[in-house]
Amino acid sequence: MSLLPKLVDAATLAAHLEDDRLRVIDASVAYLPEHPDPREVYDREHIPGAAFADLPGAFSDPDSEHSFTVPAPERFAEAIGALGVGPGTHVVIYTQTWPIYGTRLWWLLHLHGFDDVSILDGGLGAWRAAGLPLTDAPPAYPPATFVGRRRPELLAPLEEVEAIAAADGAGTCLVNALPEAIFRGEQPATDGRYGRIPGSVSGPWTNLADLETGVFRPLDEQRAYLESIGALGSGRPVVAYCGGGVSATLVLFSLWLLGVDDARLYDGSLSEWLSDASRPVAVG
């Protein structure tokens, strides 16, 4: 039995805050220029005991030309162990703004076979709104030895995505988690290039969680939406992608909430796909 539900509210987390098994982690990243520096916010105020995860740094492959690339298992184990995550612990992840960075860290743990993880619904905003305490004290968790088991079957390699595109998505639900305007090619997807992978369906993450508050839609609404795009109940395997392997993890987390454990991520996403002009793109 897991210590907390997969999606946890602020009051429930607060009631368990003194549990020695708990590891709360701020996984915030500043995506937009108007977003404040997340490390500065963390240093000023965070949930008591919480540690800070440097997603673009310690939790990414330093040798990749693309941002947020999955690190080697040893690098991930060292980074997450330094935050106190090891056998017998339960992780609760929150963000200061968009929840996609929280689901990215969840997915990295999921990839490494660690599923005692929850997302704080509504993130730091929900914690503040509930009038719960904040602190500037350093994290309280001792370093741990993380024991993981990489699940490579949760990664969809480029060659497989190329085959899905060549088949125009037949047999696989290839979900693009970016906004509709990017999906249609009306706005650039990455590096000034436009378009999507052929055979994709549009599944913006903002149809599953609120952009402003980070609060997830009710579970029945998530289920209905994922069914409507063919990502649930169709019998087809799911591969999700976005610009750089972050937004798509929220779609995968939503599926996990609904009991789907084998949906996969194309980690390179459009950063990798559009880096080669010979690869096909679709618009409209």
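This is a predicted model: local features need pLDDT of at least 70, side-chain atom pairs count only at pLDDT 80 or more; totals for chains, interfaces and linings use all residues.
Trainee: How many residues does the largest nonpolar core have?

Mentor: Start with the residues that have the most contacts inside that core: Leu 13, Val 24, Ile 47, Phe 59, Ile 80, Leu 105 and Leu 109. Counting up the largest nonpolar core gives 91 residues.

Trainee: Let's pick Phe 59. Leaving aside its neighbours within four places in sequence, which residues is Phe 59 in contact with?

Mentor: Phe 59 is one of the residues with the most contacts inside the core. Leaving aside neighbours within four places in sequence, Phe 59 touches Ala 53, Asp 54, Thr 69, Pro 71, Phe 76, Ala 79, Ile 80, Leu 83, Leu 105 and Leu 108.

Trainee: What do the buried residues of α3 pack against?

Mentor: Helix α3 covers residues 73-82, and its buried residues include Phe 76, Ala 79, Ile 80 and Gly 81. After α3 comes Gly 84, with a positive phi near 95°. As for packing, the buried residues of α3 sit against β2 (22-26) and α4 (100-111).

Trainee: On to α4 and α9. At roughly what angle do their axes cross?

Mentor: On the α4 side, Ile 100, Thr 103, Arg 104, Trp 106, Trp 107 and His 110 meet Thr 249, Leu 250, Leu 252, Phe 253 and Trp 256 in α9. That contact splits into 7 nonpolar, 3 polar and 1 charged. The crossing is left-handed, and the axes come within 8 Å and cross at roughly 65°.

Trainee: Are α8 and α9 roughly parallel or roughly perpendicular to each other?

Mentor: Leu 219, Gln 222 and Leu 226 in α8 meet Val 251, Ser 254, Leu 255 and Leu 257 in α9. The residues of this contact are 5 nonpolar, 2 polar and no charged. The axes of α8 (residues 219-228) and α9 (residues 248-257) come within 10 Å and cross at roughly 115°. Angles from 65 to 115 degrees count as roughly perpendicular, so α8 and α9 are roughly perpendicular.

Trainee: Is Phe 68 buried or exposed?

Mentor: Phe 68 lies in the loop between β3 (51-52) and α3. Its phi is positive, about 65°, although Phe 68 is not a glycine. Buried means under 20% relative accessible area, and Phe 68 has 14%, so Phe 68 is buried.

Trainee: And Asp 168, is that one buried or exposed?

Mentor: Asp 168 is in the loop between α6 (158-166) and β6 (173-176). Asp 168 also has a positive phi, near 55°, without being a glycine. Exposed means over 50% relative accessible area, and Asp 168 has 57%, so Asp 168 is exposed.

Definitions and conventions
Residues are numbered from 1 along each chain as its sequence is written. Side-chain values use heavy atoms; hydrogens and water are left out. A nonpolar core is a set of buried Ala, Val, Leu, Ile, Met, Phe, Trp, Tyr and Cys residues joined through side-chain atoms within 4.5 Å. Buried means under 20% relative accessible area, exposed over 50%, partly exposed in between (1.4 Å probe, protein chains only). Contact means heavy atoms within 4.5 Å. Axes are lines fitted to C-alpha atoms, for helices over the stretch in contact, and angles run from 0 to 180 degrees between N-to-C directions. Helices (H or I, at least four residues) and strands (E, at least two) are DSSP runs, numbered from the N terminus. Angles under 35 degrees count as roughly parallel, over 145 as roughly antiparallel, 65 to 115 as roughly perpendicular and the rest as oblique. Ala, Val, Leu, Ile, Met, Phe, Trp, Tyr, Cys and Pro count as nonpolar, Asp, Glu, Lys and Arg as charged, and the others, Gly among them, as polar. A crossing is left-handed if the near helix is turned anticlockwise from the far one by less than a right angle, and right-handed if clockwise.
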